[in-house]
Amino acid sequence: MDEQIMLNKLLEMKNFQQSKKMYSYKDRVNSLKKLYNNIKEMMPEIVEALQKDLCKSEIESYMTEIGFTLNEISFMCKKCKKYSKTRKVLTPLAQFHAKSYEIPCPYGCVLVLSPWNYPFMLSIVPIVDAVAAGNSVLLKPSEISPNTSTVLAKLIEKTFEKGHVVVVEGGKEESTFLLEQDFDYIFYTGSTRVGKIVMQKASENFTPVTLELGGKCPCVVDETADLKLSARRIVFGKFLNCGQTCVAPDYVFCHKDIKDELVKEIERQIVIQYGVTPLTNKDYPKLINEKQFNTMKSFINEDNLLFGGRYYENTLKIEPTLIKSTFEDESMQDEIFGPILPIVTFEDLDEAIKNINSYPKPLALYIFSSSKQNQEKVLKYCDFGGGCINDTIIHIASNYLGFGGLKQSGMGAYHGKVGFDTFTHYKSIVDKKRWIDLPIRYQPYNKLKYKLIKFFMK
Ligand code: NAD
């Protein structure tokens, strides 16, 4: 997109913010309601775009993209009034007599850069949280999911007033140009590599950032786990969207004594959930492009293949595949982001925890176990963004839990109240009364004043 057009969009956002229209919670809720209705109205177009970009079925698109987003909008519409209120806080005795409070204020103009794997949900949900908090947003969706990008541009244009939420379609060139501009907040979802660039660019203008990144999410299964149920839930979380989910279990890390039985159960579940020939299952999505397809293929070889491994070059589909691995293998060096599930074993849980901690901190971690002690040990000693006990990925679908990583898997979080807070600056105010003005803090100092200061400040 032409640079001048992008600058004009930014100017429109600034003007919109200056007009302070969105400072009323009612205006924010009204625009979110309009967004809700327009998403419902445009559902067939959204489903079609997701089908074209990722071969997602209608039910998967609704569950993980459209329904997920509608749910966040409904939640924000209900809570926006409460969250937008000025919050009274206590005042220390030393500041007698005063009232103290925090005023939630929007940052202003927010830049949202989104990825291709859940191209609808990961674009709109940050917008919902940012708009609920009173901001204007410029969205730059991923160029790698072009059909969804077009529908997003249409939806936004149809829904929001000029300058409230705007879209710039394009790729790296547009992102680079936008990152040169002075936004008040940057919200980025995508790879750790680009996350680093975003943070560097943001630092030039002291712009706060949220980084929603990726990583290798371990799925620990100990010898006490219910293997049938574990397998069912692992297969769901791993092969949803053909494994292209930032919180998908990247690898299974299981106790050596239950490995064979667990693998058998996972195989059984793959057949139950995806059929004997997943490659012809129309509800099974595809890899986003040839590059990803070839990367996935390179992880499979005769020696490591446990199950699956077949693929269709022309549809970019690879069936759910299990491989046996060690931490030295190529598949264990980087986030997989596809339908290949390495199975790695451990003998002792403490060793397993050490191994997990020798990797960059993951976005999610899952522990399948019936032992309270083992569950607590893993939760306490491993660092990760969020996760589940005896399930996978569902923690991100709660409006009552923040979603985000730490260090290499990101910084900051969103969804629900946490999302509102992310896009809000709280102004801390002391309202000092005038009828009394204790002289203790003023010069000239003396011994009595010093004594009183010590009494109040300890
Ligand atoms: P990406 O980093 O390639 O792209 C994301 C966005 O950044 C796109 O809008 C893209 O146009 C832009 N971009 C790409 N290169 C850029 C550059 N050099 N400078 C500036 N902007 C640039 O990410 P992706 O491949 O679309 O997504 C996959 C990654 O995202 C995986 O690692 C996955 O784990 C992660 N992810 C994280 C979350 C999360 O919520 N934490 C969600 C989905 C995906």
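Me: Is D257 buried or exposed?

Reply: This is a predicted model, and in it D257 has a relative accessible area of 56%. The cut-off for exposed is over 50%, so D257 counts as exposed.

Me: Which side chain does D257 meet in a salt bridge?

Reply: General idea first: side chains of opposite charge can pair when their charged atoms come close. Here D257 pairs with K256, at 3.1 Å from N to O. K256 is partly exposed, with 41% relative accessibility.

Me: How many salt bridges does the structure hold?

Reply: There are 20. One of them joins the side chains of E41 and K158, with N and O 2.8 Å apart. That one ties together distant parts of the chain: E41 sits in helix α2 (residues 25–41) and K158 in helix α6 (residues 146–159), 117 residues apart. E41 is exposed at 55% relative accessibility, while K158 is partly exposed at 34%.

Me: What about K216 and D250, buried or exposed?

Reply: Both are buried. They form a salt bridge too, and their closest N and O atoms are 2.5 Å apart. K216 is in the loop between β7 (209–212) and β8 (218–221), D250 in the loop between α9 (227–239) and β9 (251–255), and 34 residues separate the two.

Me: And where does L93 lie?

Reply: Look at the loop between β1 (87–89) and β2 (98–106). L93 is exposed, at 59% relative accessible area. It belongs to a nonpolar surface patch whose members include F96, W435 and Y450, with about 1,200 Å² of accessible area for the whole patch together.

How values were computed:
Residues are numbered from 1 along each chain as its sequence is written. This is a predicted model: local features need pLDDT of at least 70, side-chain atom pairs count only at pLDDT 80 or more; totals for chains, interfaces and linings use all residues. Side-chain values use heavy atoms; hydrogens and water are left out. Patches are made of residues with over 30% relative accessible area and no salt bridge: like charges are joined within 9 Å, nonpolar side chains (Val, Leu, Ile, Met, Phe, Trp, Tyr) within 5 Å. Accessible areas come from the Shrake-Rupley method with a 1.4 Å probe; for residues, only the protein chains shown count as cover. A salt bridge is a side-chain nitrogen of Lys or Arg within 4 Å of a carboxyl oxygen of Asp or Glu. Helices (H or I, at least four residues) and strands (E, at least two) are DSSP runs, numbered from the N terminus. Buried means under 20% relative accessible area, exposed over 50%, partly exposed in between (1.4 Å probe, protein chains only).
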